Amino acid sequence: MRGVIVHQAHIKILYSRRNAVEAARAMNIVETKMLPADLLARFVAIVGEKNAITEREAQAPYLTEPRDMFRGKSPVVLRPGSVAEVSAILKLASESATAIVPQGGNTGLVGGQIPQHGEIVLALNRLDRVREVDPVSNTMTCEAGVTLLKAREAAAAVDRLYPQLLPSEGSCTIGGNLSTNAGGTAALAHGIARSHALGIEAVLADGRVLNALNKLKKDNTGYDLKDLFIGAEGTLGVITAAVLRLVPRPRSIETAFVGVPSAKAALGLFGLANERATGNVTSFELMLRLGVELVLRHGSGCRDPLPQPHPWYVLIELSSQARSGLRAVLEEILADGLERGLVEDATIAESLDQTKMFWRIREMFGEVQRHEGGSIKHDVSVPVAAVPAFIAEANAAVAKLIPAARPLPFGHLGDGNIHYNVAQPLGADKAEFLGHWSEVNAAVFAVVAKHGGSISAEHGIGVMKRDLLPKVKDPVAYDLMRTLKRALDPKGILNPGKVL
């Protein structure tokens with residue numbers, strides 16, 4: 001090993017061997033060596049040769065992530081088919097001090113699922129059974145490799161709703177969603193991943209299995225251990241199954257695409273919607289006109305929902321257990337918004353296809369930006385009331401650094417989670433623009449801090465934000481995190497170099 005390459009915001013620093021070892025120790029990284037042939041054979045024997053991937057080409061889908069910002073290497077990708085196999089792998093990993101990187105659907109955006117230092121990849125997508133659906137208790141028990149789409153379909157089959165909703169539902173997994181504490185477009189009404197988990201099953205670093213698959217709503221028997229593993233990104237243990245909370249399926253849904261004059265007006269409309277449709281506002285998404293234009297330019301199957309362009313847009317979704325009356329509520333909200341100057345124009349979906357098109361425009365915001373060159377991305381949250389001020393101040397800070405840069409803020413206004421992306425100036429050199437990543441990060445995060453926000457709302461810490469975490473986390477909280485890491489993973493074999 002000639003050195004350790006530390007990735008942060010496209011910047012790579014090659015350390016000397018001595019500095020590499022010191023840096024690795026400081027970041028809980030097990031310095032990976034060549035895996036001896038006999039030890040490799042023992043790992044392979046646990047899952048069988050057909051479920052152990054050693055060929056570099058076949059490993060490729062496990063070694064890169066959606067934005068291609070992080071690339072990894074691994075001696076083997078292990079695909080266990082049972083909890084017993086996961087337990088055996090971790091027991092052997094602990095005995096041999098071999099580092100492991102757990103991986104779900106590989107849809108993460110901060111590099112947490114990529115083997116940065118030649119670790120073994122533990123791919124959990126073969127743990128894909130829905131073990132039980134209990135509509136009376138409103139619970140469902142899923143293994144970690146069950147995709148979000150499969151979980152939602154299993155709930156729908158018994159007339160229930162699993163209320164997490166992500167654009168990557170066909171590939172992201174329950175285990176990955178819980179490990180990163182994923183958010184989504186329905187978090188406003190139903191909460192983020194942690195809100196949906198009643199219990200979990202997890203394999204510890206030494207191979208022991210924690211069975212906390214609790215279906216109970218009331219259980220006061222000491223520490224609630226499941227929350228240690230949710231949001232820990234596989235650094236404290238490997239989630240193998242979870243008991244998930246279900247809710248009744250809505251009997252009526254209404255969706256509107258609304259043109260508004262400003263982010264401040266959008267916030268006013270959100271307040272109005274909450275007043276008139278208390279408990280029924282499922283989603284409230286904010287979009288900038290430039291982002292809509294990029295979707296129309298580079299996407300497919302979309303058309304401009306309104307006849308005239310507007311500075312900002314809101315996608316509102318209401319849902320209810322009542323079979324009728326919801327449309328009238330939405331119409332009243334929009335009419336009142338128009339009268340107050342909060343709404344410039346709006347259209348309510350008349351069909352399922354039109355609803356899907358509205359959502360497709362919103363969901364393609366992140367994807368189409370790659371056609372415009374470099375994009376510096378932020379997943380942040382601030383108090384809902386501070387969203388308009390945050391956007392205005394962040395825009396000013398970015399303009400001061402790169403006058404022609406194109407801010408593209410969008411996201412979940414209803415819960416204060418804004419994806420504050422910055423597209424490169426037209427005609428700019430992509431590499432030169434991305435070279436300003438750290439400066440732009442610092443400027444945007446300073447505005448986030450001013451408003452009491454978070455540098456990571458729903459994507460996690462991974463590698464990308466690891467070095468920023470001690471700068472923004474309460475020192476006592478950060479020390480407790482490190483204490484928990486040492487206690488649960490004393491050899492530092494679980495997803496080393498991630499989060500901490």
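I count two strands as paired if DSSP finds at least two bridges between them, and I take strands (E, at least two residues) and helices (H or I, at least four) as DSSP runs numbered from the N terminus. The model is predicted, so I note that local features need pLDDT of at least 70 and side-chain atom pairs count only at pLDDT 80 or more, while totals for chains, interfaces and linings use all residues. Residues are numbered from 1 along each chain as its sequence is written, and side-chain values use heavy atoms, with hydrogens and water left out.

**Entry on the four-stranded sheet**

I then followed an open sheet of four strands, ordered β3-β4-β6-β5, in which the pairing is mixed. Because β3 (52-53) and β5 (100-103) stand at the edges with a single partner strand each, one side of each is left without a neighbour in the sheet. β5 pairs with β6 (residues 120-123) in the parallel sense over four bridges, and I120 in β6 is the bridge partner of I100.

Finally, I noted that helix α4 (residues 83-96) lies across β4 (77-78), β5 and β6, and runs at about 155 degrees to β5. For that angle, axes are lines fitted to C-alpha atoms, for helices over the stretch in contact, and angles run from 0 to 180 degrees between N-to-C directions, where contact means heavy atoms within 4.5 Å.
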